[in-house]
Amino acid sequence: MNIPLLHPKTSTRTPHHSQLLLPHIRTCQSMRELKQVHAFLIKTAQIHDPIVATELLRHSATSDFRDIEYALSLFDEMPEPDCFSWNTLIRALAETHDRPLHALLFFCKMVSDGMVEPNRFTFPSVLKACSVLTRLEEGKQVHGLVVKFGFCCDEFVVSNLLRMYVMCGNMEDAHVLFHRSVDVGNLKAARELFDRMHKRSVVSWNAMISGYAQNGYFLEAIELFHRMQMEDLLPNRVTLVSVLPAISRLGALELGKWVHFYAERNKIKIDDVLGSALVDMYAKCGSIVKAVQVFERLPKSNVITWNSILGGLAMHGKANDVFDYFARMERSGVPPSDVTYIAILSACSHAGLVDKGRSYFNHMVNAGFVPRIEHYGCMVDLLGRAGYLEEAEELILNMPIKSDDVIWKALLGACKMHKNVEIGRRAAEVLMQLAPHDSGAYVAISNMYASSGDWDAVAEVRLMMKDLDIRKDPGCSWIEIDGVIHEFLVEDDSHPRAKDIHSMLEEISNKLNLEGYRPNTTQVLLKMDEQHKENLLHYHSEKIAVAFGLISTTPKTPLHIAKNLRICEDCHSSMKLISKIYNRKITIRDRKRFHHFEQGSCSCMDYW
C-alpha cells in the first residue's frame with residue numbers, strides 16, 4: 001500500500017499533517033495492512049497524534065477483520081485516551097460474543113480512574129453488555145450512573161436502559177420506566193427517569209412491546225401497540241415482529257390481519273423473519289389456510305420459513321400435510337434443523353402415529369442431530385397418548401440428558417388420560433421435586449385420585465397445596481370481536497354484557513338437551529352433588545366465550561377462541577353440537593393444539 005513517506009526528522013509535524021494518514025487507515029483491508037500503518041506511525045513518531053491513534057484503535061476494534069487483543073494493546077499505549085477511545089473498546093467488547101463481561105470491567109475501570117467521564121455514547125454499549133449477560137444488578141448500578149451523570153432525559157440512553165430491563169426479564173422495572181402511575185419502592189429513580197423524558201422513540205416502544213410479549217404480558221403488549229399508534233408514532237418492522245407473538249398467543253386474528261395489511265400498505269419488506277412471524281400468527285390464530293398462503297409467497301431458502309409452516313400445520317393436526325411439506329423442504333435443498341423435527345414429531349403425536357414418530361426420531365438421529373429435551377418430550381407425549389405409558393416412562397429414565405418438569409408433565413397428562421394412577425403417582429412425585437410450587441402436578445394427581453374415588457388421597461393433596469400456598473391456574477379464554485379482545489374466566493360474570501351472556505348460555509343448554517346431550521359430570525373431580533357439577537360445567541370459560549361470540553356476531557360468522565388450558569371432554573362434546581345447532585364454525589386453540597368444530601364434528605377426530 002502507498003503510505004506517504006515522511007522522514008523521521010519530521011516527527012514534530014502538526015496534527016494537520018499527520019491526519020493525511022487517516023484515509024490510509026480507513027482503507028486498510030486486513031490486520032496486516034493496519035499493522036503496516038501502525039509500524040510507520042511508530043517509526044515516524046506520529047503515533048502520538050491523538051486523532052491518528054484513535055482512528056487506528058477504532059479500525060482495529062470495529063472493522064470486519066477486528067482484532068480485540070490488538071486494539072487493547074493499542075489502547076494501553078495511549079497516554080491519555082479520550083472518551084471516544086474508551087467508548088470504542090467498550091462497544092467492541094460488548095458486541096463480541098465472548099467478551100461482554102470484559103466490557104463491564106472495562107467500563108468500571110473507566111469510571112474508577114476518573115480521568116474521563118462517560119458520555120451519552122458510553123452507556124448504550126454498557127447496557128447492552130448487561131442485557132447479554134442478564135446482569136440485572138449491574139444494570140441497576142449503571143442506571144444509577146446514568147442518573148448521576150445527567151443522562152436520564154437522553155432518549156438514546158433511556159431506550160437502551162428500557163431494553164436492558166426487558167432483556168433481563170424484569171418487567172416490573174421496565175414497567176416503572178414506562179408508566180409514571182406505577183410506584184415500586186426502591187425503583188423510584190427509574191420512575192423519575194421516565195417521567196423526565198420529553199419524547200419516546202420507536203426504539204423505546206419496541207423494547208417495551210417486545211418485553212411484554214416475551215414475558216407473558218400479552219394484553220399489555222397489544223395495549224401498548226395501540227397506544228403507540230394513538231400517539232402518532234408509526235410502527236416499523238421491528239414493532240410488527242415484536243407484537244405478533246402477543247397477537248398469536250391471544251388468537252387476535254383481526255388485529256393480526258391489520259398488522260399484515262399495515263406492512264403491505266407501508267411497503268415494509270416481508271422478509272423471512274417478519275414473514276415467518278406472520279405465518280406463525282395466522283396458524284396460531286386459527287387460520288391455517290391464510291398461513292399457507294403467506295408461506296407460499298415467501299422466499300423459501302431459509303429453514304426458519306419452513307419451520308414456521310411445519311409447526312403451524314402440526315398444531316392444526318394436519319400430519320399428512322406436515323410430511324408433504326417436509327418432503328418439499330428436502331427436495332428444495334434446505335437442510336432441516338432440530339426445530340424441524342420438533343414440528344414433525346409433534347404432528348405424529350397429535351395424530352397418534354406412533355410408528356411414524358419412531359421412524360422420524362431415528363431419521364433425525366441418523367442425520368447427525370443430537371436429540372434435545374424437546375424431542376424426547378414429543379416422543380413421551382406420542383407414546384403416552386397412545387397408551388404406551390411404560391415405554392414412555394422408560395424413555396425418560398434412560399435419556400442421556402437430564403429430564404425437566406415439562407417432560408414429566410407430558411407423562412403425567414397421559415397417565416391422567418388413561419387413568420394409570422401408579423405411573424402417575426411416580427411422575428407426580430418427581431414433578432413435585434422439580435417444580436415444587438407448580439400447581440400442575442398436584443392438580444393432575446388429585447384429579448386421578450378423584451376419578452378413582454379416593455377422596456382421602458384427594459384431601460391429602462389439597463391440604464399439601466394449601467400448606468405450600470399453591471393455587472390452581474384458573475381456566476381462561478379469549479375471543480376477539482371487532483378488534484377488541486375479551487377475556488373470560490370460569491364462572492365469569494364481570495363482563496358488561498354478563499346478563500346477555502347468561503341468557504345465551506341458558507339457551508345453549510336447552511338446545512343441547514333437546515339434541516340428547518347430557519353433561520359429562522365425570523369431568524368435575526370434586527365431591528359434590530350432580531346438579532352442582534352440571535352448573536360448573538355450564539360456566540367453563542370457553543363456553544362463556546362462545547356464548548358471547550354468538551350474541552356479538554351475525555349468523556354464520558366463524559368464532560375463534562384461545563384458552564390457556566386443555567379443553568375438557570364435556571366442552572369438546574358440547575362444541576361439536578353447538579357448531580351444528582348454530583351452523584357456526586368454531587375454532588378453539590387450547591394449550592396443545594387446535595380444534596376446528598363444524599357441523600357436529602371436530603378436526604382432531606376426538607384424539608387429543
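Residues 302-336 are 74% helix and 0% strand, with end C-alpha atoms 10 Å apart; helices here are DSSP runs of H or I with at least four residues, strands are E runs of at least two, and both are numbered from the N terminus. The model is a predicted one, where local features need pLDDT of at least 70 and side-chain atom pairs count only at pLDDT 80 or more, while totals for chains, interfaces and linings use all residues. Numbering runs from 1 along each chain as its sequence is written, and side-chain values use heavy atoms, with hydrogens and water left out.

Residues 82-117 come out at 75% helix and 0% strand, with 9 Å between the end C-alpha atoms.

Now for helix H17, residues 272-284. Asp 271 caps the N-terminal end of H17, putting a side-chain oxygen 3.2 Å from the backbone nitrogen of Val 273. Just past H17, Gly 286 takes a positive phi of about 95°. Buried residues of H17 include Leu 274, Val 279 and Tyr 282, buried being under 20% relative accessible area (1.4 Å probe, protein chains only). The buried residues of H17 pack against helices H15, H16, H18 and H19 and strand S5, contact meaning heavy atoms within 4.5 Å.

Zooming out, the protein chain has 32 helices and six strands, and 50% of its 608 residues count as buried.

How values were computed
Polar contact = N/O pair within 3.5 Å; in protein donor to acceptor, adjacent residues only side chain to side chain.
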